[in-house]
Amino acid sequence: MKLGGKKVKVVGTISDEIVDKYKLYPYRGKVIVQSFKLYIHIEKHIKEFKNVNNYYKAIRGIKGIIAYPYFVYYDNLRNSLLYFKQLDENVCVVVKLILKKNTNCYVATLYPISKKKIERYLSMDDKMHK
């Protein structure tokens, strides 16, 4: 698929559950795309993974991470959604939310994350929704 002259791959949509939980109503049903240049941006994280196979498995699993995350956190300072899922190790896919005409939400990065950091996000999320 081409958008704005750039080749992109559709990897998901913003789910109703996430929209309702975080009151992100303008993003309901918005498409999430992945630029084919994403690999250039995430290559710096390759050494953070336990091994190269886990890195490539995470890249191949982006659609599944977005479709079936363990947990999603909304970072309002960066206007991004953080999708967490355990593959061979815990992974975070960051989706930048864009609300401009003719632009899509996009995968900004992907990296391994510790269980302790995920628990910190879960705790912050619980406090926000009490």
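Is Arg 28 buried, exposed or partly exposed? Arg 28 comes out as partly exposed, at a relative accessible area of 38%. For the cut-offs, buried is under 20% relative accessible area, exposed is over 50%, and partly exposed is in between, using a 1.4 Å probe and protein chains only.

Okay, the ground rules. This is a predicted model, where local features need pLDDT of at least 70 and side-chain atom pairs count only at pLDDT 80 or more, while totals for chains, interfaces and linings use all residues. Residues are numbered from 1 along each chain as its sequence is written, and side-chain values use heavy atoms, with hydrogens and water left out.

Let's stay with Arg 28. Its salt-bridge partner is Asp 16, with the closest N and O atoms 3.0 Å apart. That pair links distant parts of the chain: Asp 16 sits in helix α1 (residues 16–22) and Arg 28 in the loop between α1 and β3, 12 residues apart. By salt bridge I mean a side-chain nitrogen of Lys or Arg within 4 Å of a carboxyl oxygen of Asp or Glu. Helices (H or I, at least four residues) and strands (E, at least two) are DSSP runs, numbered from the N terminus. Asp 16 is also partly exposed, at 44% relative accessibility.

How many salt bridges does a search of the whole structure find? It finds 5. Another of them joins Asp 125 to Lys 21, with closest N and O atoms 2.7 Å apart. Here the pair is 104 residues apart, with Asp 125 in helix α5 (residues 115–128) and Lys 21 in helix α1. Asp 125 is buried at 4%, whereas Lys 21 is partly exposed at 34%. Then there's Arg 78 with Asp 75, at 3.1 Å from N to O. Arg 78 is exposed at 57%, but Asp 75 counts as buried at 10%.

Now, the inside. The largest nonpolar core has 38 residues, and Leu 81, Tyr 83 and Val 95 touch the most other members. Strand β6 (residues 90–96) gives the largest share of this core, 5 residues. A nonpolar core here is a set of buried Ala, Val, Leu, Ile, Met, Phe, Trp, Tyr and Cys residues joined through side-chain atoms within 4.5 Å. Leaving out residues up to four places away in sequence, Val 95 touches, among others, Ile 32, Ile 66, Leu 81 and Cys 105; contact means heavy atoms within 4.5 Å.

On to the strands. β6 and β7 pair in the antiparallel sense over 6 bridges, and Val 94 stands opposite Thr 109 in β7. Strand β3 (residues 31–35) also pairs with β7, in the parallel sense over 2 bridges, with Ile 32 opposite Cys 105. Pairing requires that DSSP finds at least two bridges between the strands. Strand β7 (residues 105–112) is mostly covered, with 6 of its 8 residues buried.

Last stop, helix α3 (residues 52–60). Its buried residues are Asn 54, Tyr 55, Ala 58 and Ile 59. Down the axis of α3 they fall within an arc of 140 degrees, so they line one face of the helix; the arc is that of the directions from the helix axis to the C-beta atoms. Exposed Asn 53 and Arg 60 are on the face turned away from that buried side. Cover for the buried residues of α3 includes α2 (38–42), α4 (62–67), β6 and β7.
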